Amino acid sequence: MKNINKLFTAVVLCIAASASPALAGKGGSASLISQAVSSGSTDAIIAEVEKTEALMCEDCIQIVTNLTEDSRYEVREVAGWWFAKRPQLAELLVEQFEGELANGTSTAVRNGADFLGATRTLTALPNLRAAIDRGGLTAEARLAIVRAAGVLAHKDGNYVLSRGMQDSDATVRMTAVKAWRDVLKQTDATPVVTLLADPDSTVRQAASAVVGGMHQQSARVALETLVVSDVDANVRRNAAWALGQLGQSASHAALVKASGDASGLVRMTAKVALGQLR
Amino acid sequence: MKLDMKTIALGISLLTTGASLGCNGSDDSSGPLGNVDSLVILQRPRRNDTGDIFQYTSYVPGARIVKLTPPTADGKQETLCCTNVPGFEKADISSYDISFDAKQIVFSAKLADNQAYGLHILTLADGHVDTIPTDPMRDYVSPIWLPGDRIMFTTNAIVEAGAPQHQDEYERGTTIQLGRINTDGSHEELGPRNLSHRTAPSLASDGRVIFTQWDHLGGENSGHLMFVNQDMEELREAFGKEGKGASNSTLKAQEIAPGRYIGIATARNRTINAGALVDIRLGLPYTTDNGLLADHQMSEANSSYVLLTPDVPTDNSASSDSVGRYYDAYALNAKDKPDLVVSWADGVVESSFLAAANSSADFGVYLYDSATQQRRPILDDHTMWDIFPRPLQTRTAPPVVSSADDPNLGGQLLVGAMNVYQSSLHTFNQGEIYGVRIQEGFSSEEGFPRMFGTTMFEGQASLGIAKVATDGSWLATVPANVPLHLQTIDNYGMSLFNEPVWFSGRAGESRVCGGCHESRTDTTVINPGITQAFAIGPTDARGKVARTDRMMAVADLANDSIITNDAQNHTIGTDRIVGMGWDKAVQPVFDAKCVACHNGVAGPGNPSYTISDPKTGASVTWVFNLSGNKIPLTIGGVTLNSFTASYFSMAGPDMEQIEKGGLMISGNFKVYMNPQDARGSIAMKTLNPSQLFPTVDSSKHAFAGTTHAAAKGFAELTPTEIYKLILAADMGLNFYARENNPHDSSY
């Protein structure tokens with residue numbers, strides 16, 4: 001467990017020794033967070049941490065610091081959010097978490113990546129790029145690295161996402177694909193096109209949606225194949241939607257065929273896409 | 001699965017086994033549900049992750065839409081959708097609406113954990129389901145039928161190509177906005193964006209759509225009912241503002257009768273979308289043969305409400321046994337005390353209490369007599385939330401209500417007022433308003449940290465100033481689909497009054513009001529003919545400028561000579577001053593004119609104050625300092641300042657933090673710049689700005705007395721420098737703006 005108070009003492013001289021809980025504002029307090037943690041409930045923890053958004057609460061610091069290492073992503077995320085509202089405190093943990101991206105265990109990498117993403121620590125991007133190339137990390141750790149790059153939504157994280165798209169784990173690949181579209185000022189979806197042939201249907205679903213949403217014209221042929229032949233109706237639906245977004249008249253035959261698809265998920269989408277062709 | 005059809009007496013009045021007696025009426029002989037053959041009910045697996053009223057992504061597989069015939073405790077339950085539809089085996093369904101002819105149901109469903117919520121149409125005759133094509137990566141929820149074969153919904157899809165969706169007021173959740181699409185899946189349109197969420201649309205008999213909008217601007221932080229036309233134009237306030245609401249948030253409004261709505265009064269957080277039932281009257285109530293109506297003189301000023309469940313909390317405190325909370329309600333008649341079908345859960349309905357107890361709310365369907373405040377159970381499956389009970393009946397479609405768009409606007413939005421001096425919120429002195437400043441809002445989605453500063457305001461950019469004509473009118477063309485905020489300003493560029501909300505409009509829409517939040521019950525009187533602003537034409541307030549270009553030129557950031565007079569002695573240059581990134585645009589002013597004296601060395605020019613914690617005896621001292629250095633200030637393990645010395649000196653500590661932390665301040669403590677109030681700020685009164693409009697005139701000053709520079713014998717701030725400080729204050733006193741977004745610069 002990280003002990004932020006030790007760090008804090010080393011950096012700032014004016015630590016108070018008070019142990020009395022602050023009870024004010026939205027009704028949040030360190031003791032209520034502790035109770036929620038004891039209950040084991042994700043929802044209770046999130047609710048109580050949110051309640052201390054603007055609360056001066058020294059006793060909360062170590063409790064929330066501990067939550068940055070919780071086993072549940074939702075809890076780690078809200079802990080990171082809490083620190084993002086306290087930038088100076090967040091800075092105390094950033095260096096440590098960045099170090100763990102390079103040398104920590106898979107669990108430490110997971111925690112570090114999620115913290116750095118939730119606190120929007122853009123300076124962590126070089127460390128995230130290096131971490132995704134580390135060997136021996138678990139899929140959970142790799143997923144967190146990719147997720148952090150997605151949250152930061154910076155083009156300097158594209159390398160992380162590209163590597164994530166080549167991951168052996170389908171969830172990592174899917175997460176990387178989805179994150180690609182929402183990177184700020186991202187316009188080219190070329191790296192996603194190859195994922196249209198991914199063996200996992202959830203990845204193909206995501207890839208279809210991304211190339212359609214980003215109007216990646218080079219994806220047309222692959223999408224036309226998917227829309228008429230993929231075994232997964234969700235893939236066929238997303239491919240039909242994507243072809244409509246691309247709007248190329250060459251897709252007419254494939255969409256006509258898809259308009260008669262056996263699945264109601266696909267038919268109307270294909271018909272509408274036909275109307276979107278130029 | 002255990003179905004608990006609670007054993008109410010078979011003979012109670014709500015029971016009926018006869019054929020429908022007609023539509024939308026009530027046969028007193030057989031109870032309020034006497035005319036209802038069947039109720040449609042949504043059953044969602046119980047959960048506890050929807051404490052936030054704008055939560056829309058919760059997913060637990062196994063939801064279904066059922067029909068209960070007759071609508072009684074011993075009625076027959078039939079699953080309408082979608083456990084038997086291929087692809088829907090693991091669906092969760094968040095909401096639904098029955099078509100006007102009662103032959104179809106539109107619903108929002110998420111089919112698997114890796115997917116988003118999408119829209120689907122169930123045809124009741126044969127049970128087949130068609131999926132409406134929507135962006136597979138975006139959520140589409142809360143669908144309702146509109147006349148003209150359209151469906152309205154809320155979505156996190158983004159109307160503005162290439163822009164990210166706004167984050168909410170906590171900078172944590174992606175907001176949802178209004179949109180509509182044809183029932184055949186064609187012609188999807190996304191509405192203009194609020195800076196926070198819009199949710200729970202519902203169709204009114206006059207054809208407008210009522211919904212809940214989260215309003216957040218400085219101290220404003222609550223959910224209000226708003227109206228739009230079916231084309232998402234003509235946004236109008238409905239209920240909850242101006243101190244007229246029953247609670248922090250009002251949601252899930254359903255029309256009882258014209259001008260009258262049943263809604264849920266509750267708090268923003270931890271209430272599982274549930275609260276007290278409130279009977280809202282938007283106008284002056286009157287009685288007819290059809291019941292109590294309230295569509296006469298509808299306005300905030302004339303609105304009122306009646307709490308139908310007075311024991312139920314309207315905040316987020318825990319409800320008690322037998323009191324519980326209501327998830328939603330639908331009126332069966334328009335009596336003064338109406339009969340309702342409701343979804344209600346007993347006991348504590350508050351997310352953190354429930355979660356800590358490892359439990360969840362158990363919503364069931366009940367008939368509620370608001371006169372006697374008695375509930376009669378109809379259906380409660382203890383494994384499910386039984387919500388949104390609706391009679392399976394035909395209903396009259398309201399007229400198609402659309403707005404007149406102007407293609408000549410070229411994709412811009414036209415905003416303005418006929419006479420800005422008419423206001424129900426503020427009294428202006430005739431002639432004191434120079435113009436109206438239009439400001440754009442954005443959240444951290446553009447890559448900002450999760451705080452723009454210490455003042456809790458969102459990011460802002462000044463789009464321009466529209467000069468007010470002598471008849472009080474003004475017009476401006478502004479970007480469509482973005483949150484906008486208006487300030488009336490004086491000849492010194494300082495805000496006289498802030499309109500306390502964000503608003504927005506669609507491309508081609510004209511949002512020209514009577515005044516500046518004028519009384520909705522008064523008539524705006526103008527001279528015959530058109531207003532002067534129409535005759536002159538609108539001010540161009542960056543209506544066609546791309547989002548990424550709505551910022552200052554780099555060369556202008558430290559330029560102290562932007563504002564000057566042109567050959568005709570008219571002020572020019574203010575339109576080049578856009579966002580006030582503190583370290584890039586404001587700090588150069590301090591560096592040039594202030595920091596030589598105000599350098600953090602304690603003395604007469606640099607007063608100090610001490611913040612102490614009485615509990616621990618710890619204390620820290622701050623000395624006035626206008627440098628751009630970062631000077632940490634921490635007490636009791638809590639950070640008071642994360643920004644530069646000049647920012648903290650001007651903005652001061654977060655007083656909410658000081659108050660909540662029980663801290664004491666002693667010494668010479670002052671906040672020198674007030675958010676959205678340059679005119680009331682000590683710094684401005686001390687500097688005493690010279691006139692900026694309509695002509696830059698250094699001989700005229702905003703306040704009596706001399707200027708700080710003259711008193712101390714130093715060079716005056718230039719008009720550009722003074723306006724930067726004014727704008728920094730009036731735009732919320734943020735540290736971050738697009739000009740210093742770390743995401744775009746060196747991070």
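Leaving aside its neighbours within four places in sequence, which residues is A:I145 in contact with?

Modeller: Happy to! Please keep in mind that this is a predicted model. Once the neighbours within four places in sequence are set aside, A:I145 is in contact with A:V109, A:A113, A:L128, A:A131, A:I132 and A:V160. A:L128 turns up again when we look at the largest nonpolar core, which has 290 residues: A:L128, A:I145 and A:V177 are the ones with the most contacts inside it. The element that gives the most to this core is helix α9 of chain A, residues 139-152, with 9 residues.

Staying in chain A for a moment, A:H215 deserves a look at its backbone. Its phi is positive, about 55°, although the residue is not a glycine. You will find A:H215 in the loop between α13 (201-213) and α14 (220-229) of chain A. With 14 other C-beta atoms within 10 Å, A:H215 counts as partly exposed.

B:Q676 is another residue other than glycine with a positive phi, here near 60°, and it sits in the loop between β41 (664-667) and α7 (682-687) of chain B. B:Q676 has 24 other C-beta atoms within 10 Å, so it is buried, the threshold being 20 or more.

Now to where the chains meet. The contact draws 60 residues from chain A and 53 residues from chain B. On the chain B side, at least two residues each come from β7 (129-132), α1 (351-356), β39 (633-635), β40 (638-641) and α6 (655-660). Sorted by class, that side of chain B has 24 polar, 19 nonpolar and 10 charged residues.

From there, let me turn to a hairpin in chain B. Strand β37 (residues 608-612) pairs with β38 of chain B in the antiparallel sense, over 5 bridges, and B:S608 stands opposite B:V623 in β38. Between the two strands of this hairpin there are 6 residues, and B:G617 takes a positive phi near 85° in the hairpin. In a regular strand, side chains alternate between the two faces of the sheet. Strand β38 (residues 619-623) of chain B has B:V620 and B:W622 on its covered face, while B:S619, B:T621 and B:V623 make up the uncovered one.

Chain B also has an open sheet of 4 strands, ordered β8-β9-β10-β11 with antiparallel pairing. Its edges are β8 (140-146) and β11 (189-190) of chain B; each has a single partner strand, so one side of each is left without a neighbour in the sheet. For β11 of chain B, strand β10 (residues 177-182) pairs with it in the antiparallel sense over 2 bridges. In that pairing, B:G179 has B:L190 of β11 as its bridge partner.

The one from B:T69 to B:P70 is cis, with omega near -15°, and B:P70 lies in the loop between β2 (64-69) and β3 (76-81) of chain B. The bond from B:F693 to B:P694 is cis too, with omega near -5°. B:P694 belongs to the loop between β42 (690-691) and β43 (697-701) of chain B.

Technical notes: Residues numbered from 1 in each chain as written. Chains lettered and ligands numbered in written order. Predicted model: local features only at pLDDT ≥ 70, side-chain atom pairs only at ≥ 80, totals over all residues. Contact = placed C-beta atoms within 7 Å. Nonpolar A, V, L, I, M, F, W, Y, C, P; charged D, E, K, R; others polar. Buried ≥ 20, exposed ≤ 12 C-beta atoms within 10 Å, placed from the backbone. Pairing = 2+ DSSP bridges. Core = buried A, V, L, I, M, F, W, Y, C linked by C-beta atoms within 7 Å.
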